[in-house]
Amino acid sequence: MRVRFAPSPTGALHIGGARTALYNWLLARGGGGTLVLRIEDTDRERSTDENVAQILDALQWLQIDYDEGPISQVARSDRHQEVLRELLDGGHAYRSTATAEDVKAYKARHGADRGFRGRDDGEGAVRLRVPDGGATVVHDVIRGETTFAHVHLDDPVIARADSSVLYNFAVAIDDLDAHITHVIRGEDHLSNTPKQLLVLQALGAPQPVYAHLPLLHGPDGKKLSKRHGAASVQELRDAGYLPEAVCNYLALLGWGDADDETILSTAQLVERFSLERVSRNPAQFDERKLRWLNGRYLRELTIDDLTARLESFTGRSGLRAAVEISREKVQTLADFWPLAGFIFDGPADDPKAREKWLDEGGRAALADVHAALQPLDRFTIENVQPALEGVVAARGCKPKQVFQPVRVALAGTAVSPGIFETLTVLGREQSLARIANALRA
């Protein structure tokens, strides 16, 4: 088995493209096959080295490796020209000066459903001859058989007048030369498939196995775009998602495990993935579900591993104690600093929180907390918790009427890790200083 992932470097790697890469990788790794990476860079205006680098970076972050490549499609131009000449010399293709208006006039004479047939003008663009009889049948593992009657197909243009080849021709030759056995790609490529197969048929080459994946939609049922949140792999990484959680979630977009499990390790995905279980229906990308899944993955990490990832993500060090008290409240790496950054950078500035919790009653409760904590020599949970609960009991109030003023004094906002844990991480000196500052403000 030989599969390929063939992105166009015209931008960052989209989530849909990442899923295509993942499915190809899972199929190759699960079946002992080979994954070829081809960069389809024939659009020279939009294909840039920076975009190629972005694609390679995204694949590396997702831990999707490849066995051959990256192969530049443009670098294979000599081979494309060789096959183009072969088809022209063999009468399978011809040069035509027919314009769009000529094609329109032909259909007006022969019927709108009749495929255009041109004549050999000896110059102009290169068109592939399509037989009038018969049909091209696409055998698709996901969608079944799709038949394209030749009588309805135009003689497709496969090269411009300057002999520069077009996408569908180059793809067919590249897949043939790379001995690709399975073509797994988005269903938006299905309409291209008969044109590519006609090239292979003209060369007497076999048809690969096709699998056209369902498109990704947002929760509103519309095609996935930036309005639904992150649209590229880099955006997911910058939003604090873990690569293993992203791969798990992407694998389930259109594919269902026989046991209907949600959380599957990469090893389990490799073992269980099959094209036969991929749905024909559009899959829904819901970032809320990804956040939930990512949170599950975060809490499965060891403290050392999670700390290392957060230190890399934030560019800060010495985070372990703060990570220990925050892990249950974060779903992404990006959630950590807004929750716990005050431990390192000082209290945030949240006027609404101060107004709500540091009013006259809140300040009185805060003063009682300061008095209760000051005698403590050791700031441990065992000492801090009874001290604060004692203030609640003495005041005869609800816990939040004491805990929230303390939280605002320490964090500057009404959201933080557990209040007892926060006090112990900050320590006696810093905790009392922040409470005193809040009382003076």
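Here Ala, Val, Leu, Ile, Met, Phe, Trp, Tyr, Cys and Pro count as nonpolar, Asp, Glu, Lys and Arg as charged, and the others, Gly among them, as polar. The model is predicted, with local features needing pLDDT of at least 70 and side-chain atom pairs pLDDT 80 or more, while totals for chains, interfaces and linings use all residues. Residues are numbered from 1 along each chain as its sequence is written, and side-chain values use heavy atoms, without hydrogens and water.

A cavity is a set of points on a 1 Å grid over the protein atoms alone where a 1.4 Å probe fits but cannot get out, and lining residues have an atom within 4 Å of a point. Grid points are joined across faces, edges and corners, and the space filled by probe spheres set on them is the volume. One cavity of 30 Å³ or more is counted. The largest cavity has a volume of about 40 Å³, and its lining consists of Phe5, Ala21, Leu35, Val36, Leu37, Leu59, Ile64 and Tyr66. That lining holds eight nonpolar, no polar and no charged residues. Strand β2 (residues 34-39) contributes the most to it, three residues; strands (E, at least two residues) and helices (H or I, at least four) are DSSP runs numbered from the N terminus.

Most residues other than glycine have a negative phi, and most peptide bonds are trans. Glycine 69 and proline 70 are joined by a cis peptide bond, with omega about 5 degrees; proline 70 is in strand β3 (residues 68-72).

Terms used. On a 1 Å grid over the protein atoms alone, a cavity is a set of points where a 1.4 Å probe fits but cannot get out, and a pocket is an open set with protein on both sides within 12 Å along at least five of seven lines; lining residues have an atom within 4 Å of a point.
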